[in-house]
Amino acid sequence: MKQVPLPAEYIDLGTDETRARIQAAKAALGNRVVILGHHYQRDEIIEHADFRGDSYKLCLDASRRPEAEFIVFCGVHFMAESADILTDKRVILPNMAAGCSMADMANIFQVRAAWKAITEADPGVKYIPVTYINSAANLKAFVGQYGGTVCTSTNAPVAVQWALDQGEKVLFFPDQHLGRNTAVKLGYNPETDMIVWDPFKPLGGNTAEDIRRAKFILWKGHCSVHKRFTVEQIAAARVSHSGVKVLVHPECELEVVQASDYNGSTEFIIKTVEAAPAGTTWAIGTEINLVNRLASEHPEQTIFCLDPQICPCSTMYRIHPSFLLWTLERLVDGEVVNEVIVPDDVKGLALKALDQMLALPPVVKALTD
Ligand code: SF4
């Protein structure tokens, strides 16, 4: 994921000129391009997006523009890879340095080594791998190879239950917290049914007996944004705002999810706020750009971030408007820069794992769960 330096002519452009030139380039490209904006992008990017959503919804949105040749994905690298796998369009990531620190916590070599060690320590037991969509394409391909599935934060309980129906145990990566919260939702005990796999320690930091006893092996990964939210912040919000509802993402730690009133994906968070009666007060535990946007779009509610120290996703933030302008203007000139291409051998197996996710039963999720 190497990013070439931004050409000097783009570095000192003012906000107004950048906005006007992005609009002009987009108009010149017309139907040939669709711009996707993840909820965690800054407003100066979202204003140019044809669609906004979470990573999975955005791929579906892009396929509603069959005439588009190019997707400019304003998100992070694994999202652009998923778009390349799931659509027939050429995918551009405005800044190749926009990765995801959680996705980077598991790589294919570590996961292959873990799989070998686990299956050797627990022979004859059928493990099913489940990867969060926040993972590299070659990890999705690994899951496709071994009969597992991809999941999102929306459908994780359905995906994990499906995996348990196919086998006896689950290896879940890369986010231990989504894995733990999901298993707890399915009725499993976080103390006795789960272990954490640390890729830097022999046997993941466990004994062979630990592995044989566990139902779930959770990769030691986390989201640097959602890990910031704490039980103490929830307690403080309840003191400072009487009647506040606390709404957090399931990438938060189990204790935080358990102390909240509601938890769910970014789409769930948005729908929950939209459906609430006017005058409701919300303390939200997710990325600050989404929280601020919800606050400005819902003045009838009181909405604030659970973490008083503002917490943007630093890698999402690398999609600066100057990079978007550069990629669009190059496209106008007939040059495709920053194209994300998943190799064909990886693509086939990754698509198998994503197709398995699409074949899962739909999520029927009440807004109050
Ligand atoms: S918010 Fe967390 S999981 Fe999402 S892109 Fe940023 S680091 Fe990755």
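Student: Which residues of α4 are buried?
Tutor: This is a predicted model, where local features need pLDDT of at least 70, side-chain atom pairs count only at pLDDT 80 or more, and totals for chains, interfaces and linings use all residues. Numbering starts from 1 along each chain as its sequence is written. A residue is buried if 20 or more other C-beta atoms, placed from the backbone, lie within 10 Å of its own; 12 or fewer is exposed, and in between is partly exposed. The buried residues of α4 are His77, Phe78, Met79, Ala80, Glu81, Ser82, Ala83, Asp84, Ile85 and Leu86.

Student: How many residues of helix α4 are buried?
Tutor: Helices are DSSP runs of H or I with at least four residues, strands are runs of E with at least two, and both are numbered from the N terminus. α4 spans residues 77-86 and is mostly covered. The buried count is ten of its ten residues.

Student: Which elements do the buried residues of α4 pack against?
Tutor: Contact is the test here: two residues touch if their C-beta atoms, placed from the backbone, lie within 7 Å. The partners of the buried α4 residues are β1 (33-38), α3 (55-62), β3 (70-74), β4 (90-92), α6 (137-145) and α15 (344-358).

Student: What is the angle between α3 and α4?
Tutor: Axes are lines fitted to C-alpha atoms, for helices over the stretch in contact, and angles run from 0 to 180 degrees between N-to-C directions. The axes of α3 and α4 lie 10 Å apart. Their packing angle is about 40°.

Student: Which residues of α4 does α3 meet?
Tutor: α3 brings Ser55, Cys59 and Ala62. Ala, Val, Leu, Ile, Met, Phe, Trp, Tyr, Cys and Pro count as nonpolar, Asp, Glu, Lys and Arg as charged, and the others, Gly among them, as polar. The contact of α3 with α4 divides into five nonpolar, two polar and no charged residues. On α4, the residues met are Met79, Ser82, Ala83 and Leu86.

Student: Is the crossing of α1 and α14 left-handed or right-handed?
Tutor: A crossing is left-handed if the near helix is turned anticlockwise from the far one by less than a right angle, and right-handed if clockwise. α1 (residues 15-29) and α14 (residues 321-332) pack at about 35°, axes 9 Å apart. Their crossing is left-handed.

Student: Why does one side of β6 and of β8 lack a neighbour in the sheet?
Tutor: Five strands form an open, parallel sheet in the order β6-β5-β7-β9-β8. β6 (149-151) and β8 (194-197) are at its edges, so each is left with a single partner strand.

Student: How far apart are the centres of domain 2 and domain 3?
Tutor: Domain bounds come from an automatic or database domain assignment. Here domain 2 is 103-223 + 350-358 and domain 3 is 226-305. Twelve residues from each of the two make the contact. The centres, taken over C-alpha atoms, are separated by 28 Å.

Methods. Two strands pair if DSSP finds at least two bridges between them.
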